[in-house]
Amino acid sequence: MSNQLERYKYDVVIIGAGGAGLRAAVEAREAGLSVAIVCKSLFGKAHTVMAEGGVAASMGNVNESDNWMVHFRDTMRGGKFLNNYRMAELHAKEAPERVWELEVWGALFDRTKEGKISQRNFGGHEYPRLAHVGDRTGLELIRTMQQRIVALQQKDGRDHGDAEKFIKVFAEVTITEILKENGKVSGAYGYRRENGEEIMFEAPAVILATGGAGKTFKITSNSWEGTGDGHALALKAGGHLIDMEFFQFHPTGMVWPPSVRGLLVTESVRGDGGVLTNSEGKRFMFDYIPDVFKDKYADNEAEADRWYTDQANNRRPPELLPRDEVARAINSEIKAGRGTEHGGVYLDVSKRLPADVIKKKLPSMWHQFYELAGVDITKEAMEVGPTCHYVMGGAWVEPDTAAVIDVPGLFAAGECAGGMHGSNRLGGNSLSDLLVFGRRAGLGAVEYVKSNGANPVTDGSVVAAAAKIEAPFNNPGSENPYALHHELQETAHNLVGIIRTKAELEEAIAKIADLRARAKNIGVSGGRQFNPGFHLTFDLDNMLLIAEAAAKSALIREESRGGHTREDFPKMSPTWRQVNNITTWNGSSIAVEQKHLPDLTKELFGLFDIHELEKYMTSDELSQSRGGSN
Amino acid sequence: MARTMKLRIFRGNSKDGGLQDVSVEANEGEVILDVIHRVQAEQIGDLAVRWNCKAGKCGSCSVEINGKPRLACMTQVASFDEAETVTITPLRAFPVIKDLVTDVSFNYKKAMEVRAYEPPADLKPGEARMQQIDVERSQEFRKCIECFLCQNTCHVIRDHEENKKSFAGPRFFIRLAELDMHPLDTLRNRKQSAQEEHGLGMCNITKCCTEVCPEHIRITDNAIIPMKERVVDVKYDPLRWLGSVIRKREGIN
Amino acid sequence: MAIDSDTKTSKTGVFSQGRAKLAARTYRTDKWWIQPAITAGVLFLFIVYATYRAFENGKYFAAPLISPFYSPCLAQNCVKGSTSFVGTFFGTWHVFGMTVSPSLFILIFPLAFRMTCYYYRKSYYRSFWMSPPACAVAEPHKKYTGETRAPLIIQNGHRYAFYAGLVLNVFLTIDAVQAFRNAQGQWGHMSVGTLVLTANASFLWLYSASCHTCRHTIGGRLRNFSAHPIRYKLWGWVSVLNHKHQEFAWISLFGVAFADFYVRQVSGGSIRNLYFF
Ligand SMILES: Cc1cc2nc3c(=O)[nH]c(=O)nc-3n(C[C@H](O)[C@H](O)[C@H](O)COP(=O)(O)OP(=O)(O)OC[C@H]3O[C@@H](n4cnc5c(N)ncnc54)[C@H](O)[C@@H]3O)c2cc1C
Ligand code: SF4
Ligand code: SF4
Ligand code: FES
Ligand code: FES
């Protein structure tokens, strides 16, 4: 096998061509390294393309009071102070530069009157902060990055006679394994989806930028790519995942018709004036404002409505609470029997904005409902319900370099890295995260490669990796990968979903173990050429890891916070706030360990009102931090 | 409200293949991609189809349904009669890889040939000032999801393999128009290269690209024809040419 | 169509090497051929009628009405009273002993205008030349070079035809104004003919104003709209009209034909031009 194996040598291999991967590639190439970009789908199709609302950066174009400190505060609040503070700090500080840079590369954001980049309101952000292009910001971001890569390639073509000499995109290739020699990364191994043929990259540094894991759940806004591959690759390479119990359920996914169930309805609908009502016509969000947010959100309709025109003197409408709050509220309404016919609640902009404004501000939403549900959102309300949207948990990394802890040579950025968003991500903070940490991962890899040099792959590793790919074809088993995936999604959705209990989580863990055993008997029909059944077999293995990590972490965390709600422990607990769950894979099962969160520095601590921190922290912590480290 | 749907799906690769009849259940509100997936899960485990978002946003699932280039994820089952047999084939302008998946590398090659955006050399991040009305035209073209349905339906290459060398296709005509209308782009020879290198003159403005574009980009009216007019300005209009020579001499422009 | 088998054996286009092995030149199930067939039919009828009228050299004037096919009438042999105020600088031409119809001197302009019009190009490329007959229906030609070389490279001159069209519009507008007279030349009257000529002129203006070249010239060619607020406004209006260019193309075509037909009937005496006042 290995004599006909397709082999390449690069300085860095980047797995993932979403915003994070491409930003990393630009950084690495500009520093002079050779880069392979590997992705499962075609170039330019990564999940980032679906992001709608915008990218958060405190440029202060619309409200001059905005700055990185306010953004940092919002991010920490949104994450309920479980965020890695250093990541949140870097993110808030560097996001504006990253957005401006996109503009230099050709992005065309919507403009303010002064000709600057326009910014819109979004849940959890104190000021209008999301740079956007209508409701297709992710598309703009990915196209800009894609075109930036092409620009660099064209330059290489002019300077070196070969456009693909230093950056090459390997589209429709799935990486199944990170190769290691002497305890350090030596490359990556995978197969071409097109023909099933194997491919090997030799490289001292590998960057994971594989995005999310939503396909583990039944109702999700994620595309098929969201199978947690990077998470799993990191685990299998000896790294760890952090805080895998935290999944973000976006409050507004489509609920009807069934075939589009889960499809995202962007938060901008609410940012631009959409209100949520239940089947009794009641605007119920006023009943769900948690204590920690009482001073920031309006408790009556009149004030909430005034906010749209006068944000300085009114508190914001509760529809714009952080996503976890809204998702839980909707969930409760539906459970209490006040849901709509198809099991959602109503979201209505038609009574708030004129039809032409809706079509201009929310063009793809209009399109989506009109074409897929036969609903004209300029005339009628939408039916919406929670959908699994984002995984806050991810590879455990060093904040400054994005290096995966315990795996020299491995880096992770974007949705597949953890820590940045704590227990809950604010809207718009992901796209900026991709850019900030994509770049940092690129830099981290550059530094690493410069000081470590090559680390050749041995034949033994290749043979072992090849054997794993061959396995399902030789398996006489009769399990159907589609059916197993379906069962896993049901399990995750019903037992590890928005609201969790001890008993259900234990049941989930047992079921997942059972599914893992059955997955060993998957027999694949057909050949290697573009065979989706074969592809799913690998993805499924990863999702099983995700589900297990999520269920086990969730079982351990006996509190409710952000994207993790325990019916049996409904309160936030200041002691649990100090704890990260770190998962490790030993080859047959997942172990979870608790680690103490790094403490806020004095400077960052000082950015908060002490009374606010009292809601989250123990009194010990408060007295310590006040005089704490710097 | 389940119903049965009769399909004829292309099965095969670049060497061989043909249409295969299948019948499959379809539920209310489903799209063609859903039923293809059901065929995959229940009947033909290795049926190849490309898709990603299932929301009309990524442009992966381009196929031909009853001969019309469309996104499988945005084509409602309900738009077909129950008695009808619906034919699903891969895109017919590009080489097929397997079943409904085609080799669209042509488009990535062409993308590489369009010179990238070239901002003013002294433009610092954060300093760009552009009015909304100045970016709107280019923004329309940036809605493109690269489904390549326009490329696929354009007869210039669909019906004439030999033209692929010299013709970039509508997707890249909108890219050229986007850049030529970009308020800050500094490359001034886009019009010439559109005509001389990218084959703009091959387009006979028959508008099939516009007809199939799922993003409803008015490719022909807003990009191709304006570009053709701009090309005339610099290449075929003697008066304009004279004008530009005089202006250059007098140091205007 | 006989061309069908031809394409199949020639292994180009959708039957090229490497593409999916599918036998039909299209799998469209709708009646895709209706549209090109209608277009071809209507255009053909118009051409027949226009040709006949252009050579008829008569029945084009009935004071104060002049047919748009013959205006401005620039030859010496124009019927009495119909000659244009700009003069008769074409004199009288004879070819093979026959007097050349004055229509021919001016009809070439609208002909060139419409032949090079982006919309008509689309319709006759599709319906007459079948290149392509309809979207995703394989075309019958083996070779295709588009508008890159002679003769079709001429299409790039559309703007000159457009300018000429504007001049003609001015004449036809004057004709419409002059139709506010009675047969004796007294002003302040209005007849069905007045309406017909006024409508014709208006349609022609709409057709010209919605033209792609017009849209380009008036503002489309600019890079920065914000620096030219007035031209941006105009461009916006023209863009709205441009959206309907296809409709205006047809309406104005029928308009011209009808105006000519009306004048012919009045001039020939088969109907009376009814006066309102
Ligand atoms: C509907 C929707 C709307 C959103 N809207 C917003 C928003 O408005 N603002 C915001 O900030 N965030 C938003 N998000 C979140 C944000 O879009 C994602 O978190 C982000 O795009 C993830 O980017 P990424 O670069 O990490 O990975 P992705 O963009 O997910 O890319 C992953 C890449 O990795 C590749 N890959 C994966 N596994 C493998 C493998 N095994 N081998 C090779 N390649 C592999 C994939 O092919 C792909 O190229 C939204 C998310 C969704 C689902
Ligand atoms: S209008 Fe031009 S580019 Fe578009 S399909 Fe027709 S020939 Fe191709
Ligand atoms: S222009 Fe339209 S049809 Fe063409 S690739 Fe883009 S989205 Fe698809
Ligand atoms: S799957 Fe993304 S457009 Fe159809
Ligand atoms: S007249 Fe039709 S485009 Fe100019």
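**Exercise 1. The shell of ligand 3**

List the residues around ligand 3 in this predicted model, then sort them by class.

*Solution.* Start with chain B. The shell includes Cys144(B), Ile145(B), Glu146(B), Cys147(B), Phe148(B) and Cys150(B). Next comes Ile174(B). Now sort them. Nine are nonpolar, two are charged and none is polar.

**Exercise 2. A link between chains**

Find which residue is joined to Cys208(B) by a disulfide, and describe the link.

*Solution.* Step one: the partner is Cys135(C), with an S to S distance of 2.1 Å. The pair crosses between chains. Cys208(B) sits in helix H8 (residues 208-212) of chain B. Cys135(C) lies in the loop between helix H4 (118-127) and helix H5 (158-178) of chain C. Step three: take the handedness. The angle about the S-S bond is -90°, and the link is left-handed. Cys208(B) and Cys135(C) are buried.

**Exercise 3. The other cysteines**

How many disulfides does the structure hold over all chains? Describe the one formed by Cys73(C) and Cys78(C), and decide whether Cys388(A) is in a disulfide or in none.

*Solution.* The count is two. In the disulfide of Cys73(C) and Cys78(C), the sulfur atoms are 2.1 Å apart. The torsion about their S-S bond is about -95°, so this disulfide is left-handed. Buried means under 20% relative accessible area. Cys73(C) has 1%, so Cys73(C) is buried. Cys78(C) has 8%, so Cys78(C) is buried as well. Now turn to Cys388(A). The nearest cysteine sulfur belongs to Cys416(A) and is 16 Å away. A disulfide needs sulfur atoms within 2.5 Å. Cys388(A) is therefore in no disulfide. Cys388(A) is buried, at 0% relative accessible area.

**Exercise 4. A sheet in chain A**

Give the strand order of the four-stranded open sheet in chain A, name its edges, and place the helices that lie across its strands.

*Solution.* The order is E17-E12-E21-E22, with antiparallel pairing. E17 (394-395) and E22 (590-596) of chain A each have a single partner strand, so they stand at the edges. Two bridges join E12 (residues 241-242) of chain A to E17(A). Ile242(A) stands opposite Gly394(A) in E17(A). Helix H5 (residues 229-236) of chain A lies across E12, E17, E21 and E22, at about 70° to E21(A). Helix H15 (residues 532-556) of chain A lies across E21 and E22, at about 50° to E22(A).

Methods: Residues are numbered from 1 along each chain as its sequence is written. Chains are lettered from A and ligands numbered from 1 in the order in which they are written. This is a predicted model: local features need pLDDT of at least 70, side-chain atom pairs count only at pLDDT 80 or more; totals for chains, interfaces and linings use all residues. Side-chain values use heavy atoms; hydrogens and water are left out. Buried means under 20% relative accessible area, exposed over 50%, partly exposed in between (1.4 Å probe, protein chains only). A residue is near a molecule or strand if one of its heavy atoms lies within 4 Å of it. Ala, Val, Leu, Ile, Met, Phe, Trp, Tyr, Cys and Pro count as nonpolar, Asp, Glu, Lys and Arg as charged, and the others, Gly among them, as polar. Two strands pair if DSSP finds at least two bridges between them. Contact means heavy atoms within 4.5 Å. Axes are lines fitted to C-alpha atoms, for helices over the stretch in contact, and angles run from 0 to 180 degrees between N-to-C directions.
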